[in-house]
Amino acid sequence: MANQGKGGSPSPLEYTGRSTSDRKQFLVNNEFMSDVVFLVGEKKERIYAHKLFLIANSEYFYVMFNGSFKESSQSEIVMNDVEPKIFLEILRFVYCGKIELTFNNIHEIYIHSRKYMLMELLTMASNFLEKSIEPNNVLKIFTQNRFYGFQFVDEKCLRLIRTNPLFYFNHEDFSLIDRESLCLILGSKKINCTDDQLMGALDIWEKGHQTENVDELKAIIKDAKRSYDCYKLRLFGPSSGSEPNDFGFSIVSETIVNLYGIGVFFKSAAKVIAIEVKIWENDIEIGCDLFEYENDNFVTVDVANLFFEEIVLIPHHRYKISLNITPAVEPFTIQNPKIHHDRIKMSIANVIYGRCDSTYSAIAHMHCRERTGKTLG
């Protein structure tokens with residue numbers, strides 16, 4: 001920690017056994033050989049410093065003490081635009097390259113590291129934000145980054161949001177994000193949801209921003225050409241007119257798979273159909289979603305792309321997906337479905353549920369991607 005308000009010379013005992021870094025840190029706010037005093041904050045707290053350290057590490061202070069500014073000849077300099085605690089953290093970085101970055105001080109540290117032209121500290125601040133990004137705070141950091149403007153922080157946040165958007169649309173922080181951040185999300189060229197779900201997300205956001213005009217935002221959704229941020233794991237097999245069974249499967253390869261949605265075959269004369277999707281893992285329900293699908297294709301078999309929050313599929317666990325479609329549709333299924341993938345290997349058969357009859361699945365494909373590595377961490 002900085003030696004706030006410490007005066008006098010360091011004793012030989014205080015220097016004995018210390019590293020060079022520790023000795024430099026010991027001089028932070030130490031009157032020993034100080035040749036400048038900063039009067040910091042509203043209360044003008046006295047903070048001692050050493051010009052040589054400041055000049056060597058900051059072009060801002062180099063100009064201050066070697067230019068034609070009045071501060072070059074003053075022994076006391078007023079710094080009323082920064083709090084003492086923040087200034088001491090910056091001095092500690094200047095003296096020994098150490099700083100304690102937190103969400104509480106990152107904003108002020110960033111502002112003053114730019115002012116003092118401390119480029120290494122700016123890099124540390126951006127790295128701190130990037131490494132702090134987690135699923136539960138990504139929306140907050142993404143919004144904060146409108147101020148910082150770190151492109152790679154935006155890219156990492158958007159990558160998480162695009163991959164599992166329905167989780168974030170339902171997050172308590174979603175309605176608090178600013179308009180610019182929302183525009184970046186809605187304008188994504190790849191995202192794992194439908195246009196209708198983007199419109200639903202916009203409705204959620206609008207409730208918290210009732211003074212905002214959302215016509216432009218709706219246009220972004222309608223006009224953008226986008227695709228999904230995953231791939232279709234297609235199911236192959238001969239078509240059949242049989243009623244579909246529950247789709248039972250397990251992953252027999254050592255590959256963790258993130259599942260974001262499914263494609264469902266149907267043929268119906270109804271303008272709107274309701275599709276209930278339930279997913280079980282080892283006979284425990286882990287997902288249940290009800291979709292209202294607007295049907296604009298009455299004469300042939302169509303595929304409804306249904307997206308939900310990410311579900312992690314673990315190797316050798318048993319999974320089952322069941323569908324309930326109303327009003328009743330003309331049955332169209334794939335008989336004994338199979339997949340073809342270089343790394344994902346699945347066992348697809350009702351035998352894993354104690355039955356040996358043929359499998360008839362109305363599922364056309366799975367929207368997913370394999371997770372890199374073999375762990376859940």
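This is a predicted model: local features need pLDDT of at least 70, side-chain atom pairs count only at pLDDT 80 or more; totals for chains, interfaces and linings use all residues.
Keep Asp196 highlighted and display the helix around it: Asp196 belongs to α12, which covers residues 195-207. Asp196 counts as exposed, because its relative accessibility is 56%, and the cut-off for exposed is over 50%.

**The three-stranded sheet**

Next, select β5, β12 and β14. They make up an open sheet of 3 strands, in the order β5-β12-β14, and the pairing is antiparallel. Which strands stand at the edges? They are β5 (239-240) and β14 (360-361); each has a single partner strand, so one side of each has no neighbour in the sheet.

Zoom in on β12, residues 333-335, together with β14. The two strands are joined by 2 bridges and pair in the antiparallel sense.

Move on to residues 363-370, which are strand β15. How many of its 8 residues are buried? The count is 7, so the strand is mostly covered, buried being under 20% relative accessible area.

Leu233 has Met366 of β15 as its bridge partner.

As background, strands of a sheet pair through backbone hydrogen bonds, which may be parallel or antiparallel in arrangement.

**Salt bridges**

Turn to the charged side chains. Side chains of opposite charge can pair when their charged atoms come close. Across the whole structure, 12 salt bridges are found.

Begin with Arg179 and Glu216, whose side chains meet in a salt bridge at 3.7 Å, N to O. Arg179 sits in helix α11 (residues 179-186) and Glu216 in helix α13 (residues 215-223), so this pair ties together parts that lie 37 residues apart in sequence. Arg179 is partly exposed, at 21% relative accessibility.

Then select Lys267 and Glu330, which form a salt bridge at 3.4 Å, N to O. Lys267 is in the loop between β7 and β8 (272-281), while Glu330 is in the loop between β11 (318-326) and β12; the pair therefore ties together parts 63 residues apart in sequence. With a relative accessible area of 46%, Glu330 is partly exposed.

Select Glu370 and Arg343 next. Their salt bridge has its closest N and O atoms 2.5 Å apart. Glu370 is a residue of strand β15, and Arg343 is in the loop between β12 and β13 (346-348), so parts 27 residues apart in sequence are tied together.

For the last stop, select Arg146, Asp154 and Glu180. Salt bridges with shared partners join these residues into one network.

Technical notes
Residues are numbered from 1 along each chain as its sequence is written. Side-chain values use heavy atoms; hydrogens and water are left out. Two strands pair if DSSP finds at least two bridges between them. Helices (H or I, at least four residues) and strands (E, at least two) are DSSP runs, numbered from the N terminus. Buried means under 20% relative accessible area, exposed over 50%, partly exposed in between (1.4 Å probe, protein chains only). A salt bridge is a side-chain nitrogen of Lys or Arg within 4 Å of a carboxyl oxygen of Asp or Glu.
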